[in-house]
Amino acid sequence: PIMGSEMFTSTSKFRVNLLHSDGRTERVSVQIGLDGLKVTEANSGRAMRSYELSHISRWQSRGNDLLLYTRTPVDLEERRLTLQGDEHTIRSALDTLTCSCMQLAELLQSKQSTVDQETA
């Protein structure tokens, strides 16, 4: 059986603040799922940033902040994305991100095992 990511399109949305490098904050909606992390404007829904899970190198929570470190193929250095919200929202976003990464790793491992069996 072919396992396509289209079978796993479940995503979760969170309303948080995006902290810009100049210190100002902006209300955004963050969508997290197996297809990655998307940041959209809260009011218009316009896409601001989008990252595949493989481009998120690490993350950590610090109080009411969720710090995401990203590195895309065009980035020379790791970039930090800071999301702010209440403790429950940040914890839920962190849990969702962790679960999505684990599920993706399991899917990739399962797919690799199937390929290995087919080529043996």
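Student: Which residue in β2 is the bridge partner of S12?
Tutor: This is a predicted model, in which local features need pLDDT of at least 70 and side-chain atom pairs count only at pLDDT 80 or more, while totals for chains, interfaces and linings use all residues. Residues are numbered from 1 along each chain as its sequence is written, and side-chain values use heavy atoms, with hydrogens and water left out. β1 and strand β2 (residues 25-33) pair in the antiparallel sense over nine bridges, where two strands count as paired if DSSP finds at least two bridges between them. Within β2, the bridge partner of S12 is I32.

Student: What pattern does the protein follow when read along the sequence?
Tutor: Helices (H or I, at least four residues) and strands (E, at least two) are taken as DSSP runs, numbered from the N terminus. On that basis the protein has one helix and seven strands. Read along the sequence, they follow the pattern β-β-β-β-β-β-β-α.

Student: Which strands stand at the edges of the sheet?
Tutor: Seven strands form an open sheet with antiparallel pairing, in the order β4-β3-β2-β1-β7-β6-β5. An edge strand has a single partner strand, so one side of it is left without a neighbour in the sheet. The two strands in that position are β4 (47-51) and β5 (56-62).

Student: By what angle are neighbouring strands of this sheet turned against each other on average?
Tutor: Such an angle is taken between axes, which are lines fitted to C-alpha atoms (for helices over the stretch in contact), and angles run from 0 to 180 degrees between N-to-C directions. For neighbouring strands of this sheet the direction is ignored, and the average turn is 30°.

Student: Which residue in β7 stands opposite L19?
Tutor: Strand β1 (residues 11-19) and strand β7 (residues 79-84) run antiparallel and are joined by three bridges. N17 stands opposite Q84 in β7. For L19, the residue opposite in β7 is T82.

Student: Which residue in the hairpin of β1 and β2 takes a positive phi near 100°?
Tutor: The hairpin has five residues between its strands, β1 and β2. The residue with the positive phi near 100° is G23.

Student: How many salt bridges does the count come to?
Tutor: A salt bridge here is a side-chain nitrogen of Lys or Arg within 4 Å of a carboxyl oxygen of Asp or Glu. Among them is the pair of D22 and R24, whose side chains meet at 3.1 Å, N to O. By this rule the count comes to six.

Student: How far apart are the closest N and O atoms of R91 and E87?
Tutor: Both residues lie in helix α1 (residues 87-119), four residues apart, about one turn of the helix. R91 is partly exposed at 48% relative accessibility, and E87 is also partly exposed, at 47%. In their salt bridge, the closest N and O atoms are apart by 2.5 Å.

Student: What distance separates the C-alpha atoms of H55 and P73?
Tutor: H55 lies in the loop between β4 and β5 and is buried, because its relative accessible area is 17%. Leaving aside neighbours within four places in sequence, H55 is in contact (heavy atoms within 4.5 Å) with Y69, T70, R71, T72 and P73. H55 and P73 are 18 residues apart along the chain, and their C-alpha atoms are separated by 8.2 Å.

Student: What is the relative accessibility of T70?
Tutor: The place of T70 is in strand β6 (residues 65-70). Not counting residues up to four places away in sequence, T70 touches Y51, H55, I56, S57, D75, E77, E78 and R79. T70 counts as buried because its relative accessibility is 1%.

Student: What percentage of the accessible surface belongs to carbon and sulfur atoms?
Tutor: Accessible areas come from the Shrake-Rupley method with a 1.4 Å probe, and for residues only the protein chains shown count as cover. Buried residues make up 34% of the 120 residues in the protein. The accessible surface of the protein comes to about 8000 Å², and the part belonging to carbon and sulfur atoms is 48%.

Methods
Buried < 20%, exposed > 50% of the residue type's maximum accessible area, 1.4 Å probe, protein only.
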